[in-house]
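Visitor: I'd like to learn how to read helix packing and aromatic pairs from a model. Could you walk me through an example?

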Amino acid sequence: MSGLEHLSFFEALAAIDEADPKWPELQSGLLTLRLVDKAWHAQRLGARLERWEIAAVVEAVEGMDERNVLRRLLAQIVKQIADRPSNPAAATPGLVAYARALQFDAEWKLAADVYRTALGFALASENNDLAAGASGQLGYCLRMAGDLDDAEAAYDESRAISQWNDDVAGALRADIGQASIALHRGNLPAAAAMLDGVIEEALNAELPDVVSRALQDRAGVAARRGRLDAAVVDAYRALELCEDATRRDRILADIANLLGMLGHHLPSQQAFQVLALTAQEQYLRWLATVNLVELASLSGSEPMFERYRRELADAPLPPLLAAYLHLYVGDGNRRFTRYGAARDAYERAIAVAQEHDVNEVLIRAEVALRELTHTRPTEAPAAELPSPSVQDVIAAIGAMHGGLGA
């Protein structure tokens, strides 16, 4: 590990100034990671950390907002290094917890950076259980950040470590990650075949959580093939088998999207409202609210449209969500005959989409801008009568929504 690593933190700091509220958080994270690196090098060289080096990082962490959950996680890592400077690998679980928190906040590149550091320590200390988990999460974060080749390599490493540990579940989870990359690249037959194989193996091995993960991704393949009813059924089966609260949120988001694609806008709205209120990951709360903006526009509910639009007005959305939000705000303003505001929103959507290669938004926003005052936005199509299996899912979503008082 080199002190020249953690480029993602340097880039994040370079993108803001010292007055930004995120500056102390990013600076403390970077200083903590560099302290861990120094401890590792010191151990290998038979040297020791200086007290002032630890004290400087402690001071930076203590300068963070006390309400920031990352402050506590970073403080724990620094304490582990201070208490056991000759054994920096003891900080590995703390690093994984820090990476997980960054992942919750949709900081994919930062989380990948920390997972990579934790993975190096876990491998060096022959902690194969932690290494398998860290490499799998590294693959996920890299995939979400769009680094598909690196994500593929991380999933390969996760599978190899899991096989070394005789960990069937871990190896199959790595295969699911590879299937996700195949799906991302548009190779639907390969993704479907891989997932079918995982489901069969996981059922035989009585691994319900792995079955759930594979069903969730198979639902995505079915949706891309236009088999939306089958996708809803697979996704709901995945939800029922899911053992992880965070992943349950992601599956519910998938179900909400699928119901919306089928034209069942009320249950879709109910599912997104549940997520906006309860999802653990910031990214999913944002995703849900962006979709609620679209659904309010489609339903012609101006008060609801304004409510959700305002909630996101100052949110630091990732580029993909920002592009879609501007598009949906444009559609809503156009539907409510606020043409100047619609034009501004479409132009913002185009700018973000061009910069970040969000091609679907770019095409839709350019068409909408050309037709702005000539045609109204497309009306939401009437939904067909749902199949019995989809009706069961709709009923379950309604009960979930009612149970929260959402």
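Visitor: Let's start with α7 and α8: are they roughly parallel or antiparallel to each other?

Guide: Here's the general idea: two packed helices are described by the angle between their axes and the distance between the axes. Keep in mind that this is a predicted model. Helix α7 covers residues 128-144 and helix α8 covers residues 148-164, and they pack at an angle of about 160°. Angles over 145 degrees count as roughly antiparallel, so α7 and α8 are roughly antiparallel to each other.

Visitor: How far apart are the axes of α7 and α8, and is their crossing left-handed or right-handed?

Guide: The axes are 8 Å apart, and the crossing is left-handed.

Visitor: Which residues in α7 and α8 meet?

Guide: On the α7 side, you'll find among them A131, A132, L138, Y140 and R143. The α8 side includes L148, D150, A154, Y155, I161 and W164. Sorting the residues of this contact gives eleven nonpolar, six polar and three charged.

Visitor: On to the rings. How many aromatic pairs does the structure hold?

Guide: Five. Take W40 and F121: their ring centres are 4.8 Å apart and their planes sit at 55°, so you'd call the pair tilted. A pair counts as edge-to-face with planes over 60 degrees apart.

Visitor: Where in the chain do W40 and F121 lie?

Guide: W40 is in helix α2 (residues 23-45) and F121 is in helix α6 (residues 108-124).

Visitor: Are W40 and F121 buried or exposed?

Guide: Buried means under 20% relative accessible area. W40 has 11% relative accessibility, so it counts as buried. F121 is buried too, with a relative accessible area of 0%.

Visitor: What kind of aromatic pair do W108 and Y283 form?

Guide: That one is edge-to-face, with 5.8 Å centre to centre and 70° between the planes. It also links distant parts of the chain: W108 is in helix α6, while Y283 is in helix α15 (residues 282-299), 175 residues away. Both W108 and Y283 are buried.

How values were computed: Residues numbered from 1 in each chain as written. Predicted model: local features only at pLDDT ≥ 70, side-chain atom pairs only at ≥ 80, totals over all residues. Heavy atoms only, no water. Axes fitted to C-alpha atoms, helices over the stretch in contact; angles between N-to-C directions. Helix = DSSP H or I, 4+ residues; strand = E, 2+ residues; numbered from the N terminus. Parallel < 35°, antiparallel > 145°, perpendicular 65-115°, else oblique. Left-handed = near helix turned anticlockwise from the far one by under 90°. Contact = heavy atoms within 4.5 Å. Nonpolar A, V, L, I, M, F, W, Y, C, P; charged D, E, K, R; others polar. Phe/Tyr/Trp six-rings, centres within 6.5 Å; stacked < 30°, edge-to-face > 60°. Buried < 20%, exposed > 50% of the residue type's maximum accessible area, 1.4 Å probe, protein only.
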